[in-house]
Amino acid sequence: MDGFQVAVLAPTTILAMQHHTTFSERMANFPIKTGVLCRFLKPKDQKITVEKAKNGKIDILIGTHRLLSKDVSFKNIGLLIVDEEQKFGVKHKEKLKQYRSKIDVLSMTATPIPRTLHLSLTGARDLSVMNTPPRNRLPIQTTVSESHDELIKTAIENELDRGGQVYVVHNRIKDLHVLQDRIEQLVPKARVIGAHGRMHEQELEVIMQEFVAGRYDVLVSTVIIENGLDIANVNTIIVNRADMMGLSQLYQLRGRVGRSSEQAYAYLLTPPFKQVEEHSLRRLFALEQYTELGSGFQIAMRDLEIRGAGNILGTRQHGFIAAVGFEMYCRLLQEAVKEAKGEKIEKETKEVQVDLPLDAHIPSDYVSDGAVRITLYQELSSVESTSGIDDIEQGIIDRFGPAPPPVHALILLMNIKILARTLGCSKVSIDSSGILSLGFEGENEEIKNIIRKILSESSRSFEIVYQEPLSLKTKLSSHENLARGIETKAVIEEIAG
């Protein structure tokens, strides 16, 4: 309504046509002109549509990769909507942005590719997550298994016995007819038909219409079914050689079933597991783990872990940030993004070295899952306040029961670290004779002010040690290590105010 044009980019002709039908119906009562560009249109009609977009006579132009052709241009494009964003490369998406120096981009996907997800997590792009599924939907039961005839036969027969239909996906056109013959032999009563992207468009359209009408029970196809199909009666999918496919692609394929209130099943079949590469099995078992509705975000996060984030400024889609470490890389990137946005960059918090004779850790017999222990350590190390530490401690006790002494010692150590940072200490240590040492690094004037404050406000006597780093020392009255830790916390609390 502000006078700009909108481009809607879809990966397949079927999906583009569906969008055009929907947009035309929704905009029928408004003075908005919609158009479509795809291979179903005759060259003459495509030329007319391109000319209208160039002259501003089309407000919303929907299309496949045809939108990215050199002859397509816009009079005043303001918004780009990319549907099924994971199906497009970086070069594709960057091309449309070149029409204007500033263009709004809305990307939609069930499973963002690692590069896109990482851009969102670091603040370079905004991210909204919709987790609420349509009413009455059930999670899809997912099975990862070595391929064998009995499993395929049982899965198809069980679906046919309840009046449903089946997808069988095999992403090799040359072997598709072999798999089709195999299924016809395994389940003689099933009406089987094949489909792939190299078929003539009219033939493919007839096959899909026949299948939707229920004249066939099993559709053996390549991955052309992964986008845009919504057939409520198909509630079993069998993916052959699932180890050859990406995590996002498998998630999309699984989403083709379970589109009604019926329980749906997905079978991801592989050769014997010992012949499958480890990272492929990790992808498959991630799908088996995340079956709840709206789990695309978790799937994408796992994909990011497995594949790496790729380059932010560039077109590479894979690779690990090994040179500086992932956390440092993210911090540097976030600062760069804030600087580009003109936001204030917070002063880097000084790290405090704490050397106390405490047995501080989370025992494996208290929290058995290694990944959960690592997560708890990360949460504790990232907290900025003692109240935050208290909240995490309470959460640990609620989940795992009364905390053992090593956990109490860890909580104490993290509290001391935060209090010391507030005070301006760079190091806190206790030697074997019970001498507490508080070290300071930084500008001389700043250190002088801190020491002046401590000496004037503390009830304790401190000795100043003039060496690198400059430190204050005091004798603790406690004799046990844990008691010395508790006394250290009290000393720093007092002088920190």
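User: Let's start with E262: is this residue buried, exposed or partly exposed?

Analyst: Keep in mind that we're looking at a predicted model. To be buried, a residue needs under 20% relative accessible area, and to be exposed it needs over 50%. E262 comes out at 43% relative accessibility, so its label is partly exposed.

User: Which residue forms a salt bridge with E262, and how far apart in sequence are the parts that this pair ties together?

Analyst: E262 pairs up with R162, and their closest N and O atoms are 3.7 Å apart. E262 sits in the loop between α8 and β11, while R162 sits in the loop between α5 and β7. So the partner is R162, and the pair ties together parts that lie 100 residues apart in sequence.

User: Which residues are joined with R162 into one salt-bridge network?

Analyst: R162, partly exposed at 35% relative accessibility, also meets the side chain of E159 in a salt bridge, at 2.7 Å from N to O. E159 is buried, with a relative accessible area of 2%. Salt bridges that share partners make one network of R162 with E159 and E262.

User: How many salt bridges does the count come to?

Analyst: By the rule used here, the count comes to 10.

User: Let's move to helix α5. What should its residues span, and how far apart are its end C-alpha atoms?

Analyst: Helix α5 runs over residues 149–161, which is 13 residues. At 1.5 Å a residue, the helix should span 18 Å. That agrees with the model, where the end C-alpha atoms are apart by 18 Å.

User: Within what arc do the buried residues of α5 fall?

Analyst: The buried ones are L151, I152, A155, I156, E159 and L160. Looking down the axis of α5, you'd see that they line one face of the helix, because they fall within an arc of 155 degrees.

User: Which residues of α5 are exposed on the other side?

Analyst: The buried residues of α5 have cover from elements that include β6, β7, α6, β9, β10 and β11. Over on the other side of α5, the exposed residues are E150 and D161.

User: Where do the buried residues of α7 lie around its axis?

Analyst: In α7, L204, I207, M208 and F211 are buried. They cover an arc of only 95 degrees around the axis, which puts them on the same side of α7. What covers them includes β7, β8, β9 and β10. So if you're asked where they lie, it's on the same side of α7.

User: How many residues does the largest nonpolar core have?

Analyst: Those with the most contacts inside this core are Y167, L219, I237 and V239. The elements giving two or more residues to it are β7, β8, α7, β10, α8, β11 and α9. As for I237, its contacts beyond four places in sequence include Y167, V169, L253 and Y267. The size of this largest core is 33 residues.

User: How many residues are in the other core, the one with A420 and F462?

Analyst: This core lies apart from the largest one. I447 and I450 are also among its residues, and its count is 26.

User: Is E487 buried or exposed?

Analyst: E487 is found in helix α16, which covers residues 481–496. Leaving aside neighbours within four places in sequence, E487 is in contact with R460, L476, S477 and S478. Its relative accessibility is 10%, so E487 counts as buried.

Notes: Residues are numbered from 1 along each chain as its sequence is written. This is a predicted model: local features need pLDDT of at least 70, side-chain atom pairs count only at pLDDT 80 or more; totals for chains, interfaces and linings use all residues. Side-chain values use heavy atoms; hydrogens and water are left out. Helices (H or I, at least four residues) and strands (E, at least two) are DSSP runs, numbered from the N terminus. The expected span of a helix is 1.5 Å times one less than its number of residues. Buried means under 20% relative accessible area, exposed over 50%, partly exposed in between (1.4 Å probe, protein chains only). The arc is that of the directions from the helix axis to the C-beta atoms. Contact means heavy atoms within 4.5 Å. A nonpolar core is a set of buried Ala, Val, Leu, Ile, Met, Phe, Trp, Tyr and Cys residues joined through side-chain atoms within 4.5 Å. A salt bridge is a side-chain nitrogen of Lys or Arg within 4 Å of a carboxyl oxygen of Asp or Glu.
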